[in-house]
Amino acid sequence: MRITDIQRCEVRPGRLVEWTLSPATVETARTLPDDSRPPAYIQESHIRTARSVREDGLSVPTWLGTAFDLPFRADLDTLQEALRAWTLRHETLRSGFRWAGDELRRFTLAPHSVALHREVVGDFTDADALVRHLQHRFDAVADALRWPNLIYAAVVRADSTSVYLAFDHSNVDAYSLQALPAEIHGLYTAGADSAHGPAASYVDFCEMERADADRLDDGHDIVARWREFIRRCEGTLPRFPVDLGVRPGDPLPPQKMLCEPLVDAATAAAFEAYCRPYGGSLVGLLAATSLIVGEIGGQSVYRTVVPFHTRMKSRWSESVGWYVGGAPLEVPVAADLPAALRSVRAGLQTARPLARIPLARVLQLLGTDFRPTSPDLYSIVSYVDTRGVPGSERWAELKTYGLLRVSYGDQLCAWVQRLHEGLWFASRFPDTDIAYKNLRLYVERLRDVITSVPAAVPGPVS
């Protein structure tokens, strides 16, 4: 599932149909009592950030989505039942939040209260007009500050149907989206009655994770380690350590997206084999990045926050939710790749346990005024191997994409995915000339490093 934006996911003309939660469902939600299970810290931080940015006068869409084809003309009733059955499997999709003063409280609908409303929007003959309509609708509906904040769409043609689903980030992560196309396809072809029982609830996970996090106090070792890391980052969380043409206090700039193949399958396999003694391709990607930003930005130390999934138990493997934590990584810029690999491996071994505690809770305990002015608290470089996801071998054939909304932001976020075809690179970054120049240089050097290792022999791991 290549990460891209709505403009690059092969949108084609056809008859557009949309589904949202029905008016009766929305009305029922208004009268629900509070659900005692609290939001996850990452959900609350996301919603508060959206509110803060909106109060500063800027609307910054941050939805995630997916696009994929069904290789036939879909029957709308059957597709609707498949979409509803999938929705009912995942409790977080029928759970939302409302403000009580400055407190964020949850409500959750019972499955029998959830119905979808279908609307045939009309026929689109121009792909660009269809893209503009989809982006406008996703921006309006899949918004962190409203509920419901999900929308489904299909573009029906004589020989195929393109399906689009968009969600506010509070309900999904990339892993949730990767599993979705095969699940919807299976529900369509086998019938909605074939759906397994409810998946493990992300709402339950939120309650358990928050209870664990609330046991920490400001004297805990995890908090102390974050405090020291932030101190060495000059009192903030790390940015991508090259010039992006953005200065503190500037208005939030518009962003652009860069996405392209990085290397082919054989080169990706060779890089993985080279890095395996040190922990694999994630270690290799971060090690290469540390070398490259040292070259571009003149840094002697590479600091970043590394995203890790928090699906630590198998019960969460099929659950839709935002199962992501972050760990602080700080490594000296090494002289060569083997030294960088050793340094990153050691750093990740030390840092990874810190990802189990939500960063928003840590910042709360630090007592630091982190009033967010950007949708991203920090830059990331992420790596995910997607080849084990059911149906991934057909993603290219079925035009399957993970969608990111690119709007405004002052950080550079990059994602590297291992697909069956090789490594895919995607990034959103501030729309400045210097940011594009430095990102382009980073990608070219990253490709050089990855391509150069097959002929090399890794040094001793210890």
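1. In strand β7, the bridge partner of E18 is A153. Strands here are DSSP runs of E with at least two residues, helices are runs of H or I with at least four, and both are numbered from the N terminus. Two strands count as paired if DSSP finds at least two bridges between them.

2. The model is predicted: local features need pLDDT of at least 70, side-chain atom pairs count only at pLDDT 80 or more, and totals for chains, interfaces and linings use all residues. Residues are numbered from 1 along each chain as its sequence is written, and side-chain values use heavy atoms, with hydrogens and water left out.

3. β2 and β7 are part of an open sheet of 7 strands with mixed pairing, in the order β1-β13-β3-β8-β7-β2-β6. β1 and β6 (116-124) are at the edges with a single partner strand each, so one side of each has no neighbour in the sheet. On average, neighbouring strands of this sheet are turned by 20° against each other, direction ignored.

4. Strand β13 (residues 401-404) pairs in the parallel sense with strand β1 (residues 2-4), over 3 bridges; T4 has L403 as its bridge partner in β13. With strand β3 (residues 64-70), β13 pairs in the antiparallel sense over 4 bridges, and T66 has G402 as its partner in β13.

5. In a regular strand, side chains alternate between the two faces of the sheet. Both faces of β13 are covered: Y401 and L403 on one side, and G402 and L404 on the other, are all buried. Buried means under 20% relative accessible area, exposed means over 50%, and partly exposed lies in between (1.4 Å probe, protein chains only).

6. Helix α5 (residues 174-190) lies across β3 and β8 (161-167), at about 35° to β3. Angles run from 0 to 180 degrees between N-to-C directions, and axes are lines fitted to C-alpha atoms, for helices over the stretch in contact. Contact means heavy atoms within 4.5 Å.

7. Helix α7 (residues 221-232) packs against helix α11 (residues 359-366) at an angle of about 80°, with the axes 10 Å apart. The two helices, α7 and α11, are therefore roughly perpendicular (under 35 degrees is roughly parallel, over 145 roughly antiparallel, 65 to 115 roughly perpendicular, the rest oblique). Residues in contact include W226 in α7 and L363 in α11.

8. Strand β4 (residues 95-100) and strand β5 (residues 103-108) run antiparallel, joined by 6 bridges. They form a hairpin with 2 residues between them, and G101 in the turn has a positive phi of about 70°.
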